[in-house]
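Colleague: I would like to go through this model feature by feature. Where shall we start?

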Amino acid sequence: MSGRFDHLPHRRAIVDHRALAEALARIDPVEKAAARKAASGVLRAALDAGRAEIARRLEANPSRGLEAANAQAYLVDRLLIALADFTTQRLYPLSNPTAAERLLLIAVGGYGRGEMAPFSDVDIGFVTPWKQTPWAEQAIESMLYTLWDLGLKIGHSSRSMDDVVRQAKADVTVRTALLEGRYVWGDEALYAETSRRFRDDVRAGTERQFIADKLEERNQRHVRMGDTRYVVEPNVKEGKGGLRDLHALFWIGKYAYDVQRAVELVELGLFTREEYRLFHRAENFLWAVRCHLHLIAGRGEDRLTFDYQREIAERMRYAARPGKPAVERFMQFYFLQARTVGSLTGLFLAHLEERYSRRARLPKITRAPRRLNGFVLDRGRIALPDDAFFRDDPVRLVEVFAIAAQQKTEIHPLALRCATRDAKLVASVRRDARANALFLDLLTSRNDPELVLRWMNETGVLGRFVPDFARVVAQMQFDMYHHYTVDEHTIRAIGLVARLEKGELKADHPLPSALIEQIVSRRVLYVAVLLHDIAKGRGGDHSILGAEVAERLCPRFGLTRAETETVAWLVRWHLLMSATAFKRDLADFKTILDFAEVVQSPERLRLLLVLTVVDIRAVGPGTWNGWKGQLLGDLYDAAEEVLRLGHKQRGRGERLEAKQEGLRVAMGWSAETLATYARRLPEAYWIAEPGDVLAHNAAFVAGVQDVPLSIDAHVYPERGATLVTVYAADHPGLFSRIAGAIHVAGGNIIDARIHTTRDGMALDNFLVQDPLGRPFAEAGQLDRLKTAIADALAGRGKMTDRLKAKPLPRTRADAFRIEPSVLVENKASNRFTVVEVAARDRPALLNQLAYALFVSKVTIHSAHVATYGERAVDVFYLTDLTGDKLAPGARVRTLEKRLLAAAAGIPYDEAA
C-alpha cells in the first residue's frame, strides 16, 4: 500500500481486511459461478459497511473532506485486493505461472490519487507484460463482473506494457490518467518497469506540450461551465475554481517536476508555505462539499444546485447571522475558496512560464518613470522592481491596477502575488487623496475597467480599500434569479457600462447607447453602478442602506457634493424604473406622473435608465429580453415628455384623438369609418394600447366581422413575444379560462389588456412567451395555442383536469420558501384599484389568481406579469362591476383571502 493511507485513523473500522479475506477463504470455489456470487455478497456487505462508516465520520466531522475522500479510496483498495486474491488464488489458481502470466492492477485518475467521493467512478487498469494470456483474460473478466455486481461504476482498461506506452503517447487523456497511476495489487516488478517506461518513453521531453494541452483543456472546460467561478450553482468538480483546477495544478506539477504530493511544490519554490496552506484548505473544503453532495443525492452528483445548498450548509454546521441565512454564509465561503484556487493557479502558471517560456532569457524592460512610476515591464506585463515595492508606498497597491487599465497592460502574476500578500497595507491609505483619485481613474477607465477590477478584487485589494465592498465579496443570493455573486454581478455591470460607452451594444440597446453620450457626469454613473448593491446581506432594504453608504464613500472618492447626492439617489432608487415598467400599467398616466415625481430631472432619468439596463443584463444570461427593453423604453419616453413639457403637456382627449387619427391613416379609413369603429370601443382602450396594436386589432376585427369567437396570434420580434388577440362574446371568467388555455398550450403570459366593446364583445390582448422567454413563433405552436383557447372557451373538457395533466417544468423552485403576499393599493391609479400578488412561480398561477378575481366579482382591466427566478409578481388593475374602485372593507379582505389561497396553490373546483 506504500503508506498512502497510513494517516487514516482506525482503518479497520472502515474495512477489516483480515476478516474480509477469511470470509472469502471460506467460500467453496468448485462451482465458479456460485463462488463468484457468494464473493459478491461478502464484498457488498463490506462495501456497504465501509461506506456507512465513512458517512458516519463525515457527519461527525463535516469539514474533513480529504479524510473522507482518502477513506473511500482506501475502502476500494481493500475490496480490490481481496477480490484479486480470491480470483487468482481460489477461482483461477496457477500452480506454476509463466513470465507471461504476470498480472498488475493499478488505480488511475482520481482513484489513483487516492481521492474519491462516495459515488465516484472507480478507474482501474490491468497491465500484462506482453499479449494477454487466456488465464489473465479469464481472471480479469471475472473480477470485472464481480465489481459490476457490486454496483460500482467501473472505468477500466486491459493493456500490455507496450500498449500502455503507445496509447499514452497518442492520447493526452490516457497520459493524464496514467500520470496518477498507483500500485494496488499484483506483480511489483511489472509496476516498476511500467512506471520507468512511462517516465522515460512518454513523459521525457513532452512537458511543454502536456502543459499547453492541459491549459487548453482547462480553458474549454471553463467556457463549458460558464467561464466564471462565481455562478451561484457551481460545479464542484469541473467548474472554474473547483477541484479539477486543483487537480490540473497537481498534474502539471507532477509532469514537469515529478512531485508525488502537492506539499512538495513548496520545496520547489512554486508555493510559499502560506500558499500551500490555502491550497490544502481549499482542497479539503471542496472535497467535503463534494462528499456531502454525493451522500445527499445518493449518486455521483457534482453540481451544487439550490436544492442541495441548504442541506449541505446544515450538514457543515453553518449558522445564520442577522441579514444572512446559513446557506448564503456557506456559499460565500465556497466562493472565497474558489477565488483562492484561481489566485494559486495564476501563481503556479507564472512559475511554469518562467521555466518553459522560450523568451525566459529576455531582460526586463524598464519604461520611463512618468509612464510606469517605478513599476517595470517583464515580457510586456507590469512587474515590481523589488519585493518591498508595495510596502514602501501602499498607494502603489491601487496604482498598479490604475496603470494596468490606463496602459491596457497585464499585471505579472508574481506582482499579483505580492499584492495579495500586502493587500492589508492598503487600509492605511483609504483616505489618501492620490489613492482615491487613482481608484476613480481605474473605475471610469475608457479601456477595460471590468477586467482590471476583477484582478483587484481577486487579490483582496479592492475589498481592503473599500471595506463595504468586502462585505459583498463572494456574497450569493439564494434565489433562481441571480446567476452570480454580488461582487461578480457588480463588476460585470461596470463592464457593460464601458461597452455601452464604446458603442458595442447598440444592436441590443439602442436607447441606452444613445443616452449614455448625453450623460453629464460619467463619474456619477460608474460610482453608482459600483455601489448599487453594496448593502446587500445587511438585513434591511439594500437600496436605503446602500444610499447611506454612498453618502459616506463618495466624498472620500473625490466626488462633489452634487455628485454625491446624485449617486446616493441612484442607489436609493435603482430598482424604481424596472419595478414601474414591469409591474405597473404604463398606459395609466398616473403611473408616469408618480414615476416622474420621484425622478425630477432628465439627467437622473438618463442615468437611471442606463443603470437599470446594465443591472438587469448583469444578473445573468437569459434575464434580458426585447419585452423588457420595450417597457423600459416606453417608460423613459413617457417620463421624459413629462419632465420636458410638464404634467399637462397633452390632455387625455388630445392623446386619444392623435391615436385615432394615426389608426385612420394606417388603415386608410374615411373619417366616417373611423367614427363608427371608435364608437364601439371605450376610451380606456385607445389610451392603453400602442399604435401598432391598435392597427393590428382593427384589421383583425374588420376581418372576422360577426364571428362569435376569433383568435389571432402575431409574432412581435421587437417585443420578444407573441401578441395573442381573442375577440369573443364577453362573459364572466373569460380571462381565467384564456390564461389557463395559454398555459396548457405551453405559453407564459407576460402582459394582458382586457377590453369590452360597447356591444358586448371582449377584445383581449395577451403578450405570450415560451418557457425560455422567447416568442411563440412556429406554426405548430401557434396552432396549438389557438386550439387550446378555442377548446377552453367552448367548454370542451374541464380546465382543472387539463391543467393537472400538464407536467411541472420547474420543480427546482420547490427549493425556495416564498410566503405569498397580496397588496391592495388605491392610490397608485386614479381610475383603478391596483392589486399586487407575490408568490412562488409555478404553472397556471395566473389562471388560479384570475379565477379568484372572477369569483370575487371584479373586472380585470389589465394584468402585468413579472418573474424573478422562482418569484412571480402578478399585478392586476381592477374595478368593481360598476366601473368604480374597490372600496376598503369586508369585500377587499375577502378578495385578499381568496388571492392568498390561490397564490399558495390551494386547489379550487372550477366549472367546466
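This is a predicted model: local features need pLDDT of at least 70, side-chain atom pairs count only at pLDDT 80 or more; totals for chains, interfaces and linings use all residues.

Colleague: Where does E180 sit in the chain? And is E180 buried or exposed?

Modeller: E180 is in the loop between α8 (172–179) and β4 (182–186). Buried means under 20% relative accessible area. E180 has 3% relative accessibility, so E180 counts as buried.

Colleague: How does that reading apply to G869?

Modeller: The cut-off is again 20%. G869 counts as buried because its relative accessibility is 11%. G869 is found in the loop between β13 (858–868) and β14 (871–880). From G869 to G703 there are 166 residues in sequence and 40 Å in space, C-alpha to C-alpha.

Colleague: Which residues touch the most other members of the largest nonpolar core?

Modeller: A nonpolar core joins buried residues through side-chain atoms within 4.5 Å. The largest one here has 227 residues, and those touching the most other members are Y111, I124, F401, F439, L531 and V567. Helix α4 (residues 65–91) gives this core its largest share, 16 residues. Another core, of 49 residues, lies apart from it, and includes A713, L734, V822 and L853.

Colleague: What is F439 in contact with, leaving aside its neighbours within four places in sequence?

Modeller: The contacts of F439 are V398, L453, M456, L462, F465, V466, L530 and F557.

Colleague: How do I check the length of helix α24?

Modeller: Compare the expected span with the distance between the end C-alpha atoms. Helix α24 (residues 486–502) has 17 residues and, at 1.5 Å a residue, should span 24 Å; the end C-alpha atoms are 25 Å apart, so the two agree. Of the 17 residues of α24, 13 are buried, and the helix is mostly covered. G503 follows α24 and has a positive phi, near 80 degrees.

Colleague: How many cavities of 30 Å³ or more are found in the whole structure?

Modeller: Rolling a probe the size of a water molecule over the atoms shows where empty space is left. The search finds 3 cavities of 30 Å³ or more. The largest cavity holds about 60 Å³ of space.

Colleague: Which residues line the largest cavity?

Modeller: Its lining is I54, R57, L58, N61, R64, E67, A68 and A71. By type, the lining divides into 4 nonpolar, 1 polar and 3 charged residues. Both α3 (32–60) and α4 supply at least two residues of that lining.

Notes: Residues are numbered from 1 along each chain as its sequence is written. Side-chain values use heavy atoms; hydrogens and water are left out. Buried means under 20% relative accessible area, exposed over 50%, partly exposed in between (1.4 Å probe, protein chains only). Helices (H or I, at least four residues) and strands (E, at least two) are DSSP runs, numbered from the N terminus. Contact means heavy atoms within 4.5 Å. The expected span of a helix is 1.5 Å times one less than its number of residues. On a 1 Å grid over the protein atoms alone, a cavity is a set of points where a 1.4 Å probe fits but cannot get out, and a pocket is an open set with protein on both sides within 12 Å along at least five of seven lines; lining residues have an atom within 4 Å of a point. Grid points are joined across faces, edges and corners, and a volume is the space filled by probe spheres set on the points. Ala, Val, Leu, Ile, Met, Phe, Trp, Tyr, Cys and Pro count as nonpolar, Asp, Glu, Lys and Arg as charged, and the others, Gly among them, as polar.
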